[in-house]
Amino acid sequence: RVITLDLSMKDTDQGSETGGKVSEISEDSVQPLDGLTVLEKLKQDPTTSQIPVIICSMLNLQEKAFALGAAEYLLKPILEEDLVNAIQRVQVMGKG
């Protein structure tokens, strides 16, 4: 199950509201929080720290994102095939 965070909301703990186990988080940055800040918060929280996060960004910040714990990093514009492949890679990592 994949959820998408609405960063216009202050509470990023969407998993408990949607029910079931969250296996991946997709995040599309909107002010006031940027994606790396959200990633950092997710990885610091024990309830979300093990959930793979795929960052999709117009900025070339892969090194920083991976250092903060991103599972994948895609530069926009993103092709559907690239997103599908990134999700499949994350799923394979989770089974390892």
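Helices (H or I, at least four residues) and strands (E, at least two) are DSSP runs, numbered from the N terminus. By this definition the protein chain holds 4 helices and 4 strands, and from the N terminus on its elements follow the order β-α-β-α-β-α-β-α. This is a predicted model, in which local features need pLDDT of at least 70 and side-chain atom pairs count only at pLDDT 80 or more, while totals for chains, interfaces and linings use all residues. Residues are numbered from 1 along each chain as its sequence is written, and side-chain values use heavy atoms, with hydrogens and water left out.

**Confidence**
- The pLDDT, the predictor's confidence in each residue from 0 to 100, averages 77 over the protein chain, and 64% of the residues score at least 70.
- Among the elements, helix α1 (residues 15–18) has the lowest mean pLDDT (47), and α3 has the highest (96).
- Residues 7–18 have a pLDDT below 50; beyond near neighbours in sequence, this stretch has 20 contacts in the model, a contact being heavy atoms within 4.5 Å.
- Where pLDDT is low, the predicted coordinates should not be read in detail.

**Strands β3 and β4**
- Strand β3 (residues 53–57) pairs with β4 in the parallel sense over 4 bridges; two strands pair if DSSP finds at least two bridges between them.
- Within this pairing, I55 stands opposite Y73 in β4.
- Together with helix α3 (residues 62–68), β3 and β4 make a right-handed β-α-β unit: with the strands pointing away from the viewer, the path from the first strand over the helix to the second runs clockwise.

**Residue S57**
- S57 is found in strand β3 and counts as buried because its relative accessibility is 13%; buried means under 20% relative accessible area, exposed over 50%, and partly exposed in between (1.4 Å probe, protein chains only).
- Not counting residues up to four places away in sequence, S57 touches Y73, L74, L75 and K76.
- A polar atom of the S57 side chain lies 2.9 Å from the backbone nitrogen of L59.

**Helix α2**
- The buried residues of helix α2 (residues 35–44) are G35, L36, V38, L39 and L42.
- Seen down the axis of α2, these residues fall within an arc of 155°, so they line one face of the helix; the arc is that of the directions from the helix axis to the C-beta atoms.
- At the start of α2, a side-chain oxygen of D34 reaches to within 2.9 Å of the backbone nitrogen of L36.

**A cis peptide bond**
- Most peptide bonds are trans.
- K76 and P77 are joined by a cis peptide bond, with omega about 0°.
- P77 lies in the loop between β4 (72–75) and α4 (80–95).

Definitions and conventions. A polar contact is a pair of N or O atoms within 3.5 Å; within protein, one must be able to donate a hydrogen and the other to accept it, and residues adjacent in sequence count only if both atoms are side-chain atoms.
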